[in-house]
Each structure stands twice: as C-alpha cells, then as structure tokens.
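Please read it with the sequence and the model at hand.

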Amino acid sequence: MTVGIVVVSHSRALADAAVALAGEMLHGGGGPLEVAAGLDGGGFGTDAVAISEAVAAADAGDGVVVLMDLGSAVLSAELALEMVDDDVRGRVVLCPAPLVEGLIVAVVSAAGGAPATEVAQEASDALLAKSGHLGAAPDEAAPEQVVTDTEETGTFTVGMPHGLHARPAAQLVGALRGLDADVRLRNVSLDGPEVSGASLSRVATLGALQGHEIAVRAAGTDAAEAVRRLLALAADDFGESALPVAVPSPVPVGHPIPASPGIGIGPVRATGTVSVTVPEPVPGDQHGRLDDARSSVRDHLRAVRDRAAREIGAAEAAIFDAQVLLLDDPEVLADVGTRLDAGTDAARAWADALDDVAGGLAGAADEYLRARAADVRDVRDQVLRALGGVAAAQGAGEGILVADELTPAEAAVLDPASTPAVVLAGSSPTAHAAILLRARGVPAVVGVGAALAGRAREAAVLAVDGSAGEVVVDPDPATLADFRARAEALGRHREEASRLVHEPAVTRDGTTVLVGVNVGSPADATAGVGADLAGLVRTEFGFLDRREAPSVDEQEAAYRAIGKAMDGRRITLRTLDVGGDKPLDYLPMPVEANPFLGVRGIRLALARPQLLADQLQAIVRVAHDHPVDVMFPMVAGVDELAAARRALDEAVETVGRGRPADLRVGIMVEVPAAALKAAAFAPDVDFFSIGTNDLTQYTLAAERGNDAVAALADALDPGVLALIKATADGAGDHVLVAVCGELAGDEQAAALLVGLGVRELSVAPGSVATVKQAVRDVDLAKARELAAAALACPDAAAVRALLR
Amino acid sequence: MADVDTDTLQRWLRVFAASVAEHKDELTALDAAIGDADHGANMDRGMQAVVDGLAATPADPAALFKQTGMTLVKSVGGASGPLYGTLFLRMAPATGGAASLDPETFAKALRAGLEGVVARGKAEVGEKTMVDALTPALDALDAALGSGQSLADALRAASAAADEGRDGTTPIVARKGRASYLGERSAGHQDPGATSAALLVAAAATAVAEQGAA
C-alpha cells in the first residue's frame, strides 16, 4: 500500500519548503509525492490542469491524498478531480488538513502503509498536537467505554532515546491496522489522557519520551493479538534499532585485509574510553556559557563535515551531521535545561545529561546502537573541552588501536602521530572507517578475526603492515627488525617520491601517465604539489552553505583562484554535482525515495538551466586565459551530453569572445550504462573521467555509506574493472581516459589501471607523489597481462591478492 | 431569429476580454478592498490567453467553450480560474454538439454553467459572489425568451439584471472567498466577481446585438 500525496499551493516556494520539511521525517523513504503549485510563468496561483496531472502521477493504484492551501487551491483541486480518469477519481481524497502540519503527518502515515482515507484523517487530526500544546485542545469525545468482557491490557516502557516520535508511532499504528480491536493508550508516567492507538496524531499527543510507561487497553475480537503485537513492537524499540544496520558486519575468521598502507610498530593502546574531565564550575550565566560552547563545537563540526564531504564524500560526511543533530537535540537540551535550572553548572549538567544518553545506548542489545554511544561521548567531550575541560591522561590515547569495529567518528579523530596503526577484528577496506583512516594516513589492517584481535589486545607490542595486511603479535627481534626495515624502505620510497614529485610519471617503457590532484577548495590546489593538472575540481565548494546561488562573477573568481594556485596547469572543472540527498537552500527539490538514483549531477543541471548557464559562463570566461576542461557529472545518455554541449555553446556565445582555443569537454563515467556506451560518447568528448566511487556503488548496488554492504562496494571487483576496460575500449585513440575516484590513489592499483588503458590518475593532494612513483614502476606489457588476469578473477579479494 | 454561431461566440469572448482589459484596474481596486487585489490582473491574463487561443478556430460551440474553460483554468491562477473555467466547461456539453445554438440552447448552456459555478463555489445568492450577478441575469434571460423576445433583447434584459445584482452586492457581508475573512468589514464594497460576471453578460448582449445588426 503506497498512497500518493499531492501538495497544492498558490506558491511554489511554499510547497517546496513544506515538502522539504516533511521529507525530514522520512530520511529519504516515502511514496510518490507531487507538487502542483504556482503558475507556469511563476507567480502565485493554482492550476487545475497541473493538479490533475500531479494526481495522475502520484497515483500508483493505492489512492492519492491531496493537501491544499486555501481559496482557489481548494476550488482548483475539486475541478482537477473532474479531469482525472474515473477510476483514479474514486481513489482520491481531498484533505481539509492545514497544509504544513497535515503534510508532515500525511507523509509519515502514508510511508507507514495507511490507506488514503486514513492518511487524510491523520492529516486532519494534525492540529491536535499543536492545539493541545497551546492549551486549546479541541473537545475530544470521551473515549467510548468499551465492553470489558474481551478487554486485554498491558504496559510497555519506551526504550528509544527519542521517545515515541513520528516514525515509531507510525509503526505502532501500522501494526494495529486491520485488527478488529479498539486500542487505547495512556502515558502513565505523565498521568495523561487515554488516546486511540489507531491515530498517528493522537499517539503523538502521548508525549511519550524515553523511559515513560505506556498502558495499553484493547477491546474487540482481536484484542489479545493487538496487545501482543504492541508489546512485541515495543520490545523491539518499534524497529528503530534495526533501522540503520540490521545485519551484523561480517567478521571473517582471520583473513587480515590491508586497509590503509604503511607500517606501524608499537605498544597496544590502553583500551577503554578516554573521557575528558569535567571542568570546575565557573560562575556566570550557565545557559549562556553552554550555548557558547555548543555554538563553537557546532562550527567546528560543520567545518569538519564540509571538509569530509569535499575530500571523501557525502556519505562519510553524514556522520558529522548526526553529531550536530545530537548537539541540538531538543530532548537532550530540555534535560540539560532542567539540570541548569536546578542550579547545576553548565559543564556538570551537560556531562551528566550526555552520560545518561550514552549509558542508555551502551546497554542496548543492538550492535549499531551501542556504537552510537561512542558518538554521544564524542559530542559530550567536545563540548566539555569548549567549556575548559581537558582530556584525562592524554598519554593513554597513544599506541596501536585494537578494536572490533571503529566508528567513522572515532576514525576521523585518530592522529597518526599518536596512533601508529589500527587493527580491527571486523570491518572491510571499503567501510567508512577504513576510508577515513586512509585519508588520515593511519596504517590499518582489518578483518583479522576475533581470535587474532583477542591476542593482539593482550600483546605488549604489535607490528602492523597496512600495505601487506600483516599483524604480528609480540614480534621476536628478527621480525621486529624486518618490520623496521620495511618502515625504513617505505620512508625512503616516500622520500624518493617526494624528490621526484615535479617530474612527469613515465612508465619503464616510456608511456606518460598524467597524475592530477583532486581539488575541493582553492587550498587543495595549493597542496597538490607536483600534480600535472587538477584532474577533478569539485565546484560544489562554491555552492554549499549559502542562501543563494553564487553569481557568475563569484564563480569566475573562485575558478581563477584555483587556476592561479595551479600556476598555469590545466584545471578540470566538474559542473555542480548535487542531488536530493543534500538539497541547497536556493535549490529546493522534491523528496526522492532514492536520491542517488534521482535528479542529481547533469540531470539537475539540465532541469535548472539557469544554474548551469551561469556556471558554464564562469568556466568559459576563465578558459579564455587558462587551460580548462569542463566535465559533466552523472551522464547516462548521449542526449544529456548533447544538451550540455548546447548549453556550453550558448555560454560561449554569451561571453562573446569566441570559443576558447584550449577548452576541452569531457564526462564523468559513473553510470555503468555510460561505461558500456563509451564508443557512442567518444566522438563528442575529449576525455572520460571514471568516478570509481560512484561507478562501484552503482555497479554493485551497494552504498559505501552503509557499512552493512560496504564490503560489496569494492572498486577492485572484476565487474567494475570490466567497466573501466569497456570505457577504455570505447574511448579509442583520441579520447583520454582518466580515473578520479579513490582507486586512483591506491599505489598498488596503478599498474592495473594503466594496464586497463587508463592514462590519467587524479588523486588526493597527499597521494600525488606516491602515485607518480608507482607509475614509474609500471611496465606496460606486464600491466596489460595483470589487467587481463584481474578481469578473469572471480572476486575483489582475488584481484587484491594479484596486486600484492 | 438567427442562431448563435461560433463567430458570434468568439466575438462574445473578444468583447469580454476587451471589457475586462478596460476595467482591469477597477476590478483590481475592488478586489484590493476586500480580497487579494488580483482579480483584474488575473482575469485579464486569463482572457488574453483565451483570445490568443482563438486563432485556432474550434469546430463547434462545445469545442470553443471547452477550450475557453481549460485556458482559464490554466492561466487565471486565483479562484476565478476554476470558477469561470467551470462555467465554460459546463456549458460545453449543454450545447449537445450543435454547430450553432438556438436561443433556448444558449440559455440552457449558460444555466448549466451557472449551476457548475454554484456547485464549485458552494455559493448561493446573497453571499457577495459572482452568483449574485449571474443568477438574476439568467432568470431574466429565461423570462424574456419565454415571453417571445429576441435573444438580443433578452440578453439586454439579462445584462440589466446582472448590473442590478452586482450593485446589490455592495451592502452584503461576504461569506465566501477571502473577502469572508474580513467579516463585517466587507460590507460597503461592491464584489469584484459579481462585477466581472456582469461584464460577461453585457459582452454577450453586445456580441449578439452585433450579429443581429450585421
């Protein structure tokens, strides 16, 4: 059952904003949602024809609920009903609910599988929570006194840290649907009134927070079943614990996998959480002190988030969003506020409130929830530090870290200076944590298994080779000497690489491979010492965290700054690559069930032609006095490329100085279809740049950000390699094939990629020297043999074994 | 008595469009007093779109009414979009697909249109809406045709009745549309919807009189 929802408003902006607000309830899920708002030429108004089309589009056969603002919206919606097909009309409910409140309840209710009439009823009841809060509760009819001979009762305690909020409430209502039972719920802890369990919005009025006791009373023939289902749901925290990761991460039995290159030798880090001390009370306005501290931590987290998003990817950055949410969590703040009002000082109140939250999580049965406790402690400590606290016993945080798993938040703060290496019992080289460890330069071996991890924890000294995937417990002097020799060799190798960084990367047999730098900000361009070009400039940096789109002049200045930092070397400017997973303020987007398969990259650019036109103008202006590549992301078909090229031609015309002589055009190859159709694109491009991160996700149907499937999303999977080969084959002799994903920065993969036909590798600033050095070791004939062998491998592990 | 052909019906729409354009500021001023100050602009935009669409001549009155209704629905934006749109959309089937309309069929089509407006807006006479001009107009039209008057004369009577109905909206306290939010304060202002509706009836009288004169 997937009821569609249509939003009708006089104002497009109002409708989009309401949809965005409602989308926050769904975390990307939800059924069809269409907007019919404003007039075609812009301006306020409603259009019955547009509404009828939206209704038809939103109808998947299970009905549609239409929410409207006022006046003509209602009349137009009624008229629209006359325009849709008869069978559709019978499934449409025009809902009188207030637009914003109603929409939020409706999307949650629809996502929970409610039928159209129920979604509409829920939406109409949406005012109850607000009017109740403001003391103007509508006269709710006293609950019908049900016959008691079949009555069943029970109680449960709310276990979720965020209480019985909309999503679990929808689970609750959904579980009762279809049962012949009148179910009444009462918040015993608040001594509140009884409400119907059939109504999402009434369940919301329970105000059930974590720890509250809820009494259940049911009557009817299915009463017993109803109570049984509710108690079972409650015991399972209403499915909340299962939400992010239900599958335990696979822990192979002792197959150590190299996850981050480098050698680490040292003592095992003292286990246990390193807490920050709670600073002594400081007089003054405690609310204000805490607000200031939270504000500075929030700024810091946002900066880290933006950096992670630029350097690693949106999925990896999301963890920091979660930390910001925790920092501003209204329930946590309410708890802290109560403590402050009771006279506790800011630091103690914050520490105690967050310890409570972390304690609740740490005791959870679910592995994922337990891991979240680390996030909570992390946020706790950051704020305490901002309030003047210091980390207790800094030295305790030094040494090789041995753990079952590592959260991204934990990985992101590890410092190679104090953490020579990381050894994990589980995880995979493609998990969040491993990606972050590579980015930070901390050597790591993962998947060593519980047995080896257990022995490692007991060890005095560990020797770890993150390139080879070796972990030696309490090494004897000879082994220790061997690892030291490897470390020295690695150091020499890196020194040699640095010394030669300005030299071109030429294989032993004389083939030049360009090594570029991936740039997420002008600062990255400066850091890309020795790069032959900026092979990927993520122009998103100019668009994030703004209220409005950057002007042509602003963009021109930003791209010029990168050109200047690259000192005349070519810059490859990728046009804006965003999607519905992270909408920009000035670019409201409808909620998509799956934004990574939705309107993003070139699709978004073509849907917002002005945005693209402005960016291309800025790019063309710079291209008149700097060698520039323009690169279009997420291209799936040749018509998209043709449309983008037309937009580029128009930009050239608008700038009015003719076509810049050294302007080249290319596409990102991230969609498997584009790789397989490379020959069709080849006549119209100067280069292909393979985005192995997204190509891998799309090829293996596994999201890198989801650690439960991250192990599947391995760029060394022979399926991905075959697509790289297909791209190179389709490119022919005149189209350059580049790789700008994370795989390009893997020294061990350099020969394989060159063997597959890749002639440009664009990598993070820190990897330019080592990748150039790796290319210098490549022999093209042998590389081609290696590529052929890799393509014949059954899986990524076999390919990795070939590379070692 | 000649039937009303598509040429005359198109003239009706052109005259109405010109009349709305001429009274655009007045309609907007009336709406500014008790509504959201867009009636003149909205109707003008809608009727210009209708006139622009006339270039492609529809086959029969039903097609013309349908095209007009759809255009208004799509381009007016405010409440008058679905209301005037409904008026014309409901007129279409009431013509029975005739190539030209005899006076009774034309009156019947207008009546069907009015019924559509009443159903859509849930407004009755005396609630300060376009219904207050259209209802007495169509009552007068039916009465005049029943007493054997020509369509031209009957439409003149209808137009006079519409004007009277329009003037009668001034003292009423609005109970529909945004004007109703003003409550008592809406009294003392002439209703913009009734005003444009009276223009519509007057335009029909003008167009049919010209057909008779031609």
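1. The structure is a predicted model. Each remark below should be read as a description of that prediction.

2. In chain A, strand β21 (residues 687–690) runs parallel to strand β22 (residues 736–739), and four bridges join the two. Within this pairing, A:Ser689 is the residue that stands opposite A:Ala738 of β22(A).

3. Strand β22(A) also pairs with strand β23 (residues 760–763) of chain A, again in the parallel sense, here over two bridges. A:Ala738 has A:Glu760 of β23(A) opposite it.

4. Turning to the contact between the chains, 15 residues of chain B touch 14 residues of chain A. On the chain B side, the elements that give two or more residues are α4 (61–75), α5 and α6 (103–121). Helix α5(B) supplies the largest share, with five residues. By class, this side of chain B has five nonpolar, seven polar and three charged residues.

5. One helix pair spans the two chains: the axes of helix α3 (residues 72–83) of chain A and helix α5 (residues 80–94) of chain B come within 8 Å and cross at roughly 35°. From α3(A), the contact is made by A:Ser72, A:Leu75, A:Ser76 and A:Leu79, and from α5(B) by B:Gly81, B:Pro82, B:Leu83, B:Gly85 and B:Thr86. Four of the residues in this contact are nonpolar and five are polar, with no charged residue present.

6. Within chain B, α5(B) packs with α6(B) at an angle of about 140°, and their axes are 7 Å apart. The two helices are therefore oblique to each other, since angles over 145 degrees would be needed to count as roughly antiparallel. The crossing of α5(B) past α6(B) is right-handed.

7. The residues of α5(B) that meet α6(B) include B:Pro82, B:Leu83 and B:Thr86, and these three also take part in the contact with α3(A). By class, the contact of α5(B) with α6(B) has eleven nonpolar, four polar and four charged residues.

Definitions and conventions: Residues numbered from 1 in each chain as written. Chains lettered and ligands numbered in written order. Predicted model: local features only at pLDDT ≥ 70, side-chain atom pairs only at ≥ 80, totals over all residues. Pairing = 2+ DSSP bridges. Axes fitted to C-alpha atoms, helices over the stretch in contact; angles between N-to-C directions. Contact = placed C-beta atoms within 7 Å. Nonpolar A, V, L, I, M, F, W, Y, C, P; charged D, E, K, R; others polar. Parallel < 35°, antiparallel > 145°, perpendicular 65-115°, else oblique. Left-handed = near helix turned anticlockwise from the far one by under 90°.
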